[in-house]
2 protein chains.
Amino acid sequence: MIHSLLRPDLLALPGYVPGEQPRAGEAVKLNTNENPYRASDKVYEAIKAAADRGLSRYPNAMAQPFREAAAEVYGVSPEMILCGNGSDDLLTILTRSFLDRGQWLRLAKPSYILYKTLALLQGGHADEVRFLPDWTLPESFGQGFDDGRQLKLVYLPNPNSPSGTVLSKETILRFAETLPCPIVVDEAYADFAEENCIDLVKKNAKIMVLRTLSKSYALAGLRFGFLFADPAIIEQLAKMKDSYNCDAIAIAAATAAVRDQDWRQANRAKILATRRRLTERMRQLGFTVPESHANFTWNVHPDAGVSHKEIYLYLKERGWLVRYMDYGQCGDGLRISVGTDEQNDAMLDCLEKYFKK
Amino acid sequence: MIHSLLRPDLLALPGYVPGEQPRAGEAVKLNTNENPYRASDKVYEAIKAAADRGLSRYPNAMAQPFREAAAEVYGVSPEMILCGNGSDDLLTILTRSFLDRGQWLRLAKPSYILYKTLALLQGGHADEVRFLPDWTLPESFGQGFDDGRQLKLVYLPNPNSPSGTVLSKETILRFAETLPCPIVVDEAYADFAEENCIDLVKKNAKIMVLRTLSKSYALAGLRFGFLFADPAIIEQLAKMKDSYNCDAIAIAAATAAVRDQDWRQANRAKILATRRRLTERMRQLGFTVPESHANFTWNVHPDAGVSHKEIYLYLKERGWLVRYMDYGQCGDGLRISVGTDEQNDAMLDCLEKYFKK
């Protein structure tokens with residue numbers, strides 16, 4: 001068989017299953033934490049201007065216009081920023097740059113399933129540390145192994161998915177101080193929280209902060225992510241990335257997006273208001289909902305007679321797609337994205353009928 | 001030092017040096033084989049339509065609309081096609097999927113320098129096989145090692161850069177039949193040649209064919225590449241790629257591009273006519289120029305008193321940027337992209353003055 005020529009690490013991974021992508025109009029998508037609003041008009045104007053300039057030439061290899069704009073907005077130097085084709089591109093670059101065969105990558109569980117996959121593709125191992133019942137992490141998360149295993153990289157999503165909960169900056173700084181390796185704080189949802197870790201990067205070079213335009217800038221279709229790190233690290237990571245990993249249109253659009261902080265703040269206010277409504281109504285329906293700092297809520301019904309999977313299927317049949325998550329020993333639940341008020345309210349009305357039947 | 005936490009393979013690589021990118025208007029770029037013409041209007045219309053549909057949602061994970069369009073155009077099934085964020089993305093995916101630490105990747109020399117870099121980043125080795133003086137390869141290129149070394153992947157650019165020369169399909173099929181591993185035919189420039197290897201993929205599953213929209217579709221700024229391979233291989237490679245490696249705008253633009261074969265044929269005719277003029281005038285100036293099957297020519301002056309580097313600098317000072325290539329033992333020369341007639345003629349007029357001075 002031809003595919004026996006491939007690496008065993010790859011063959012051992014389970015088959016590729018793309019996420020549920022209903023055709024436009026078939027369902028209301030509340031399952032992948034996309035932003036329900038249209039990005040800033042300035043972004044779409046920048047895309048059309050970039051197209052008018054033409055695409056015959058290679059783009060800027062380091063996405064320099066974005067680096068300069070983001071450096072201003074976030075109060076860092078451009079040399080502290082690396083751009084990627086989505087934050088997944090940067091997670092791939094990071095894993096390949098720090099982790100070698102037989103070494104260990106640590107991650108919090110339950111969180112983004114890609115972290116473990118990336119470790120396995122490198123021929124490495126994943127040390128999965130479970131969140132405590134209050135969604136904090138044990139202090140051991142910030143410590144190396146004492147049995148000879150080599151810990152080379154730590155991924156910490158903050159706010160976390162699916163819980164929407166956050167760890168404090170003090171906790172993360174303390175982890176970094178005791179860890180033998182870098183810790184990447186994946187801040188995909190940080191724009192919906194009250195604080196973030198960008199200023200910690202200057203305090204401790206072991207801290208890196210990862211961002212995306214997919215959620216808070218409403219640009220999941222654009223594929224653009226960026227990393228804050230010590231310039232000495234950025235310089236090395238740039239050798240690992242594809243030469244032209246961000247295209248000319250994405251660079252122009254991302255630059256316009258990050259320059260329009262008024263749009264982002266106004267969008268954030270809308271998302272947070274809808275998140276409050278969603279949280280309150282889910283709690284009224286009897287769900288346990290941790291206070292969310294992201295653009296989704298994590299909903300677990302404490303009644304053993306209530307099946308999360310059945311609810312997921314009930315909603316799906318009626319046109320609302322939410323995310324059913326089954327983490328095995330860590331339990332299961334429903335992750336529901338914050339859409340517009342109208343989308344969430346209609347889904348909740350449907351869910352109320354489920355409980356009244 | 002913080003960067004000592006990175007993988008030694010990465011630290012050992014030379015520093016990242018982006019290609020020469022003069023600002024718009026500062027120089028005529030004849031150094032990176034970009035297409036001098038603007039892509040089909042249909043491509044730019046598709047970009048604007050995709051922007052109007054909005055970018056809040058994640059794109060299609062497999063770039064399915066492009067796969068279906070390209071399958072029609074090239075006479076294969078969609079399952080034989082994998083799309084990438086430029087062909088560099090696919091080269092990275094291929095190298096990571098087939099090559100493990102300590103194993104060997106074979107490449108022809110001189111050719112695309114990225115191949116070797118990718119092998120080293122995997123902790124692998126590069127077996128660099130030199131072209132013969134007539135730009136063919138020794139028969140040993142198609143044979144495994146007999147000393148226990150594990151050959152896991154072969155890269156063969158066809159047409160080759162910098163030479164612009166081609167190997168016949170018969171030769172490539174013969175290589176595949178005797179090799180113990182897959183051979184990737186990198187056809188970045190094949191649209192400017194007389195034949196290509198796409199139909200060989202069905203004849204021998206060890207043959208894969210890599211394409212890009214950067215050259216013959218005038219879309220270097222878009223970042224879009226695609227691979228033809230056996231469906232069983234594509235299925236595995238899809239597990240290695242980032243989930244959403246092609247953005248929504250690139251998918252729409254690429255689909256429009258591949259559907260407009262009239263544009264591509266007309267563009268090809270213009271490039272080939274200019275290539276003929278360029279080749280003839282360079283030969284008149286005394287250069288040895290192999291017959292090119294790409295959108296550039298390789299120019300070596302046989303007179304030991306002529307310095308290729310000096311010519312490169314002379315042209316650069318006067319506003320023409322060509323590519324000076326120094327391959328050490330394999331010699332040096334000038335690689336000149338096919339621009340418009342006007343661009344190439346003006347460069348040649350300048351070069352004539354150099355030889356008359």
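**View 1. A:Trp135, a partly exposed residue of chain A.** In this predicted model, A:Trp135 counts as partly exposed because 17 C-beta neighbours fall inside 10 Å; a residue is buried with 20 or more other C-beta atoms within 10 Å of its own, exposed with 12 or fewer, and partly exposed in between, the C-beta atoms being placed from the backbone. Phi of A:Trp135 is positive, about 65°, although the residue is not a glycine. The loop between β4 (125-130) and β5 of chain A holds A:Trp135. Helices (H or I, at least four residues) and strands (E, at least two) are DSSP runs, numbered from the N terminus.

**View 2. B:Arg223, a buried residue of chain B.** B:Arg223 has a positive phi near 60° and is not a glycine. B:Arg223 is placed in the loop between β7 (207-212) and β8 (225-228) of chain B. With 33 C-beta neighbours inside 10 Å, B:Arg223 counts as buried.

**View 3. The cis peptide bond from A:Ser161 to A:Pro162.** Omega of this bond is near 15°. A:Pro162 lies in the loop between β5 (151-157) and α6 (169-178) of chain A.

**View 4. The cis peptide bond from B:Ser161 to B:Pro162.** Here omega is near 15°. In chain B, the loop between β5 (151-157) and α6 (169-178) contains B:Pro162.

Residues are numbered from 1 along each chain as its sequence is written, and chains are lettered from A in the order in which they are written. Local features need pLDDT of at least 70, side-chain atom pairs count only at pLDDT 80 or more, and totals for chains, interfaces and linings use all residues.
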